[in-house]
Amino acid sequence: MLLIPTAARTAPSPRYWLVLALVLVALKLAVMLADPTQRFFLGDSESYLHSALTGWIPPDRSFLYGLFIRATAIAAGSMSGLLLAQSLCGVATALLCARLAMVDLGVDRRAAALLAVLIALEPGQLFYERMVMAESLGTLCLIAMLSCGFAYLRRGWWPWLLVMALAGVLTVALRMSLLPVVLGFSVLPPLAAATARGAQRSWLRAGTHLVIAVAATLLLHQAYQRLYGYMSEGPPGYLQASGTFRLGLVAPLVKPEHLQRVGLDPALLQQVGPALADPRMREAQLWLDDGLIAVLRRAAGNDTERLSRKIASRALADDPLGLVRMGLATTADYFVAGETRQRMADDLGLRPLSDGMQTSLHERLGYVAADPARLNPVAVYFEQAGPWFIVCLFALAPLALVAALRLGSARRSAALLLALTALGIVAGQLLFSHIISFRYLHPLPPLLLLCAATALAPARRRNGLQIS
């Protein structure tokens, strides 16, 4: 016995989705014709391109995105192949959000179509479809994971949890920063299902499905780590540089005694150039020649990653609330004009590719990179939308709560899953971002628009339930 929303039984015909998909494709093609300029964020983009061109496995970035470039741009013999593929990712993201809104959250079909159009034309979506970065594909995988979770909630069919786990590991493989969100979401659909009224879902069934979701997530993540370790000829892991990234995140919490506990000279901290206690310097600790990571690497050599993991664990264990303090301090920088201006300039990709990479792209793909200092129309659109992304960060959680209240008791499980998902994504952003970055906010606008559509849809459109 399942509680199935009436809206799910009266879902639009395939013709509706075909027409909507064609409209979205037409919009994307129109924007592509108006502005086909592709941009690069260094050094991420150059690492991805090098991986695609040579098969090299990056130690600190996604190898899966390199394969995606190889299957699109290199297979087509043109960088336009990547632009087209990422634009289609944007279409798929918009369609998934529209279906989730209509079928799972009871949004009217016209409002769902408008939602899809708004997501397709959202500045972050258009900009990162033109960026040689994993954001567009990664966000599609994230939305696919959420859609599978809601589909399980609607149908109660446990194989959806397996597909959800697969979409989750692909999300992490493309965007490592979303790991806390993916792991946290894995348990939410079964727990939300347990809140259904009456005896429609037994606690035993919910517990069994929870075990399935957790087991599938853990097994797939372990399989991915082993695959990555095999391909990179190193130990299993998400990234070979995961230890230094983890240490960079908690660098202000590191004390001399933490180095001493792992057998390193505490005096090494005196060689660190950037102010160790300053949360704003965490990026500098990762990349500068006199940053914490470079200092440790000169002292520890090949053992740097292992020791970094130990130091980070001890530092966080000694001051677990320090992560919260640093997160709040970093988040406050979104209201500091100088910080946001500098970060936006960096996210726009104003640095040119190296001469060697430009030569490789020209020889292999006939591509000549445009002057990055000249902003194309979509880049200007993205730049002007900076305040919009900040609004998405701070408005997503409260708007999700409003949407959940509007859903009411008739869709209690869906309301709970929507609210917890939004809160988890915002919490992950606040706690695990070592810098402010508009790039990190890329998944938030589609979710905010989804919550807005849910909150604003007429209540009469979503209250009906039928029992199957």
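How many cavities of 30 Å³ or more does a search of the whole structure find? In this predicted model, the search returns 5 such cavities. The second largest cavity has a volume of about 150 Å³, and of the 13 residues that line the second largest cavity, Ser177, Leu178, Gly428, Gln429 and Tyr440 are the closest to its centre. Helix H10 (179–185) and helix H23 each supply at least two residues of this lining, with H23 providing the largest share, 4 residues. By residue class, the lining of the second largest cavity divides into 8 nonpolar, 4 polar and 1 charged.

Helix H23, which spans residues 412–432, also takes part in a nonpolar surface patch. This patch, of about 290 Å², is made by Leu401, Leu416, Leu420 and Leu423, and H23 contributes its largest share, 3 residues. Leu423, which is found in H23, has a relative accessibility of 37% and therefore counts as partly exposed.

Among the open sites, the second largest pocket has a volume of about 360 Å³. The second largest pocket is lined by 16 residues, and those that lie nearest its centre are Arg280, Glu283, Gln342, Arg343 and Ile435. Helix H15 (282–287) and helix H19 (337–347) each supply at least two residues of the lining of this pocket, and the largest share, 4 residues, comes from H19. The lining of the second largest pocket comprises 7 nonpolar, 3 polar and 6 charged residues.

Arg280 forms a salt bridge with Glu339, in which the closest N and O atoms are 3.6 Å apart; the pair links distant parts of the chain, as Arg280 lies in the loop between H14 and H15 and Glu339 lies in helix H19, 59 residues apart. Arg280 is partly exposed, with a relative accessible area of 43%, and Glu339 is likewise partly exposed, with a value of 23%. Glu283 and Arg343, for their part, are linked with Asp346 and Arg351 in a network of salt bridges. The loop between helix H14 (256–261) and H15 also holds Pro279, which is buried because its relative accessible area is 18%, under the 20% cut-off. Pro279 and Leu328 are 49 residues apart in sequence, while their C-alpha atoms are 9.9 Å apart in space.

The count of salt bridges comes to 15. In one of these, the side chains of Lys28 and Glu129 meet at 2.6 Å, N to O. This pair links distant parts of the chain, with Lys28 in helix H2 (residues 14–34) and Glu129 in helix H7 (residues 123–129), 101 residues apart, and both Lys28 and Glu129 are buried. A further salt bridge joins the side chains of Glu135 and Arg439, at 3.8 Å, N to O. Glu135 lies in helix H8 (residues 135–155) and Arg439 in the loop between H23 and helix H24 (444–456), so this pair ties together parts that are 304 residues apart in sequence. Glu135 is buried, with a relative accessible area of 3%, and Arg439, at 11% relative accessibility, also counts as buried.

How values were computed
Residues are numbered from 1 along each chain as its sequence is written. This is a predicted model: local features need pLDDT of at least 70, side-chain atom pairs count only at pLDDT 80 or more; totals for chains, interfaces and linings use all residues. Side-chain values use heavy atoms; hydrogens and water are left out. On a 1 Å grid over the protein atoms alone, a cavity is a set of points where a 1.4 Å probe fits but cannot get out, and a pocket is an open set with protein on both sides within 12 Å along at least five of seven lines; lining residues have an atom within 4 Å of a point. Grid points are joined across faces, edges and corners, and a volume is the space filled by probe spheres set on the points. Ala, Val, Leu, Ile, Met, Phe, Trp, Tyr, Cys and Pro count as nonpolar, Asp, Glu, Lys and Arg as charged, and the others, Gly among them, as polar. Patches are made of residues with over 30% relative accessible area and no salt bridge: like charges are joined within 9 Å, nonpolar side chains (Val, Leu, Ile, Met, Phe, Trp, Tyr) within 5 Å. Accessible areas come from the Shrake-Rupley method with a 1.4 Å probe; for residues, only the protein chains shown count as cover. A salt bridge is a side-chain nitrogen of Lys or Arg within 4 Å of a carboxyl oxygen of Asp or Glu. Buried means under 20% relative accessible area, exposed over 50%, partly exposed in between (1.4 Å probe, protein chains only).
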